[in-house]
Every structure is written in structure tokens, then in C-alpha cells.
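Colleague: I'm new to this one. Could you walk me through how to read a few of its features?

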Amino acid sequence: MEKITKEVYLKWYEDMLFWRKFEDKLAAVYIQQKVRGFLHLYNGQEAVLAGALHAMDLSKDKMITAYRNHVQPIGMGVDPKRVMAELFGKVTGTSKGMGGSMHIFSKEHRFYGGHGIVGGQIPLGAGLAFADKYKKSNAVTLCYMGDGAVRQGSLHETFNLAMLWQLPVVFVCENNGYAMGTSVARTSYSTDIWKLGLGYEMPCGPVDGMDPVTVAKEMSKAIERARSGGGPTFLEMKTYRYRGHSMSDAQHYRTKAEVEEYKKIDPITQVLDVIKDKKYASDEEIKNIEKKVKSLVAECEKFAEESDFPPVSQMYDMVYEQEDYPFLQHKL
């Protein structure tokens, strides 16, 4: 793993702050009905992504996740303005406005969704890894899921085949405590989700998902194991979301005091504390980062607002083309 330097901490702070403010802006425009449908925000879980990106080789490694998926593609290199536009349903979005919140996708940057079906991405992640092994591309796939998705039977089928074929994949459970609105303790006899890997003799373990340093170290080990032919790993990132499961979540299952307690270990605050303690940046430099982030979020909103909605005719271009049915002429 590359050394975690002053530059890494400053990048982490800027990136995580941007992701947080990007999601905050989405929450605001959702209330204004500029973003419709479901909206699942990542606030509080930023360290899981920041640490993983530090351990990845972004020139070839892949990522696939569930529907809490707005900031991951940004971290992988997708233009945030296009992500915002997709959420607004505009033609300049990552899927020309046809995917929306739960279906951000970028083949160019090796981000394969964004999946609305709970657990649906788990076998797909193994499939991406199978392709890489078959093609000998020396790439690794990171396959993310929530704590609710580990109850899906497809996880067990996938784990079995991933071990049998020794696929280059890292399975990551982002355990934020509540599968929608039900705590892990109410849905599972064992609350140590990582132990599911033991039944398949898969290397596995718990990770502090609120600390990007810890995440980076553990992800680096798992990625290198996969890249060197050692097969899959299953990591349980113990994290927490500060907002509801989605914007329609009234959050009756937890108290405000509980949320405030977790905010004491906010990953962004942890990184900022290190920056200040080690004097990596002056107060003025920190303010400049915050101004830059605010400006970039405003640019994203402006771009999305000013972009056009897709024409009705686009609906006919976003389906499979059938050679013996020439009545719908595709333009894409």
C-alpha cells in the first residue's frame, strides 16, 4: 500500500467533505422535488470509500455496489456534474437521465452500478472478477453490499463459487447498523456479519469503517491477496449513516442521541483532527479547501439545473435493437 502522507490526508479531507456536501445538496433539492424517487445518502460512511480508493489501482480495478451509490463513481473518476445531472433526470447524466439515483454507471471508469435489487450486485461482482481471471487482466473487483443484503441466498451461492474458483474479488459489507430500519440484532442470531465467510473458509474479519487509515490497510491486504491469486476476502466495515435509509425514512427506530454519539467519531472530523494536530495545513488553507468544495457543489447543481431533460424519443433508443424489427430506428 502506498504510504499515507500529508497529501493523502489533505485529499481525503477534500474528497470526503465534497461527498458529504454533494449528498447534502441532493437532500435539499429532493425536498424541492428536483430529484424524484428514492434517494439513499452516504453521510457518515465516507471513510469506507476513501480508504478503499487509496488501496485500489484505479487504472484497472472495478467497483460494484448497491443503491447508496452517488459518491463512489465520483471517487472512481466520474465527473460529479454528470452524476448530479443523472439524479436530476437530465440528458447530460451518466445514463442520459434514464437511470436516476439508484443506477449510476460508468464503464469508462469501471464503476458497474448502482443496483436497486437488494443483493443483486453480489453475483455480478463475482462475475466481473471471473472475467478478469479468465482474461488474466490482473484486476480486482470490489463488491459492496449493505448489512441487509447478507440475508440473501445469492450471497452464499456466490461465496461458494468465488472460493471454488479463487476469484479476484473483495466482498465488503457496509454495516451501518440498520437494514433499512431494522437493527442487525433483530434479524440475526450472530451480529458478527464477517463470520459468514468462515463457512466457506474465506479470509474475513471486522474493520473500523469510520477510520480511513484502518480501511486502507485492511483493503490493501485483501486486494493484494486477490491480485496475487489468493482468492476472495469478506470484510465487514462497521460504519454508521447519519441520515435515514432513504429520504422517506422517518427514523423512528433510533434516537437523535444515538446519532449524535456516532457523530463524535465522524470520519471527516477524524481526518481534520490529524491535519490540525500534525500541522499539515493552516486554518486559511483548510478554509480554502472548504470554499473549493462549496464552489464545486454549486457548479454541479448549476450544470444539472441548466441541462435539458431527455427527449421522449430517447426511450426507444435505450432498449435492445432487434435486427429483424426495423420499425424503431435507433440513434444511439
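Colleague: Is E23 buried or exposed, and which side chain of opposite charge is nearest?

Modeller: First, some ground rules. This is a predicted model, where local features need pLDDT of at least 70, side-chain atom pairs count only at pLDDT 80 or more, and totals for chains, interfaces and linings use all residues. Residues are numbered from 1 along each chain as its sequence is written, and side-chain values use heavy atoms, leaving out hydrogens and water. Buried means under 20% relative accessible area, exposed over 50%, and partly exposed in between (1.4 Å probe, protein chains only). A salt bridge needs a side-chain nitrogen of Lys or Arg within 4 Å of a carboxyl oxygen of Asp or Glu. E23 is buried and has no salt bridge; R68, the nearest side chain of opposite charge, is 7.0 Å away.

Colleague: What does the side chain of E23 reach, then?

Modeller: The backbone nitrogen of Y42, at 2.9 Å.

Colleague: Where does a positive phi turn up in a residue other than glycine?

Modeller: Q251 is one case, with phi near 60°. Q251 is partly exposed, with a relative accessible area of 25%. K279 is another residue that is not a glycine, and its phi is positive at about 55°. K279 is exposed, at 70% relative accessible area.

Colleague: Which residues does a cis peptide bond join?

Modeller: Look at G113 and G114, where omega is about 20°.

Conventions: Lys and Arg count as positive and Asp and Glu as negative; His and the chain ends are not counted. A polar contact is a pair of N or O atoms within 3.5 Å; within protein, one must be able to donate a hydrogen and the other to accept it, and residues adjacent in sequence count only if both atoms are side-chain atoms.
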